[in-house]
Amino acid sequence: MVGSDPTARGISAPDAVKILIAGGFGVGKTTMVGSVSEIVPLRTEEPLTTAGLGVDDLDGIPEKHATTVALDFGRISIGQDLVLYLFGTPGQQRFWFMWNDLAIGALGAVVLIDVRRPESSFAAIDFFERRGIPFVIGVNGFYGEHPYDPDEIRDSLTLPEGTPVLLFDARERTSSRDVLIALIDQLIATSAR
């Protein structure tokens, strides 16, 4: 049908960007994807069971009752010409093998940190540094608390000076959106170099 092609009418499809939301077990990845997604997010959560005793480290997160076993998926439009496809990685070590496949085609990542258990996100930082995938650090303020400033967190994680460290609340849409915008700014700055 003539005229049905949107590009023929000067309308172009938005650019799509694949972003990973990564970090350790229980840092808020599923919560972030769910809070910011404009679609009902796909979740692959399963209940924690007694089979995970001795495998799942619940220190510091006793309220956790489910875990992502594959990925979370959501989408958010940033303006009319940019769509972010969000892929939340599983946080438990036994599921890390999936990260390589999830990272294919990803332009950047948000690494979530829980300051009560920062060591739970060391593997995610290392993963993206080794692959040269740009990332920002999102410090999820559990219970609304941010006991450390970004520079203290950057120093304790021995991150390069230019790595953005943002304090946010994964439960709040605008807070999660702002972290994603900071990542897009980082990607633009990286590509300009």
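What follows is a description of the chain, its salt bridges, a charged patch and two further residues.

This is a predicted model, in which local features need pLDDT of at least 70 and side-chain atom pairs count only at pLDDT 80 or more, while totals for chains, interfaces and linings use all residues. Residues are numbered from 1 along each chain as its sequence is written, and side-chain values use heavy atoms, with hydrogens and water left out.

**The chain as a whole**

The chain has 5 helices and 7 strands, where helices (H or I, at least four residues) and strands (E, at least two) are DSSP runs numbered from the N terminus. Read from the N terminus on, the elements follow the order β-α-β-β-β-α-β-α-β-α-β-α. Of the chain's 193 residues, 46% count as buried; buried means under 20% relative accessible area, exposed means over 50%, and partly exposed lies in between (1.4 Å probe, protein chains only). The accessible areas come from the Shrake-Rupley method, and for residues only the protein chains shown count as cover.

**Salt bridges**

Side chains of opposite charge can pair when their charged atoms come close. How many salt bridges does a search of the whole structure find? The search finds 7 of them, a salt bridge being a side-chain nitrogen of Lys or Arg within 4 Å of a carboxyl oxygen of Asp or Glu. The table lists some of these pairs.

| Asp114 | Arg117 | 3.4 Å |

Asp114 and Arg117 are both buried, and together with Arg116 they are linked in a network of salt bridges. Asp126 and Arg130 both belong to helix α3 (residues 122–131), where they stand 4 residues apart, about one turn of the helix. Asp126 is partly exposed, with a relative accessible area of 31%, whereas Arg130 is exposed, with a value of 66%. In helix α4, Asp151 and Arg154 are 3 residues apart, again about one turn of the helix. Asp151 counts as partly exposed at 46% relative accessibility, while Arg154 counts as buried at 9%.

**A patch of negative charge**

Asp149, Glu152, Asp155 and Glu161 gather on the surface in a patch of negative charge. For such a patch, residues must have over 30% relative accessible area and no salt bridge, and like charges are joined within 9 Å. Asp and Glu count as negative, and the place of the charge is taken as CG of Asp or CD of Glu. Among the members, Asp155 lies in helix α4 (residues 150–156) and is exposed, with a relative accessible area of 56%.

**Two further residues**

Is Thr30 buried or exposed? Thr30, which lies in helix α1 (residues 29–36), counts as buried because its relative accessibility is 15%. Its side chain is joined to that of Asp72 by a polar contact of 2.6 Å, a polar contact being a pair of N or O atoms within 3.5 Å, of which, within protein, one must be able to donate a hydrogen and the other to accept it, and residues adjacent in sequence count only if both atoms are side-chain atoms.

Gly162 is found in the loop between α4 and β7 (165–168) and is exposed, with a relative accessible area of 56%. Gly162 and Gln186 are separated by 24 residues in sequence and by 9.3 Å in space, C-alpha to C-alpha.

Conventions: Patch = residues over 30% accessible without salt bridge, like charges linked within 9 Å, V, L, I, M, F, W, Y side chains within 5 Å. Areas by Shrake-Rupley, 256 points an atom, 1.4 Å probe, with all protein chains shown as cover.
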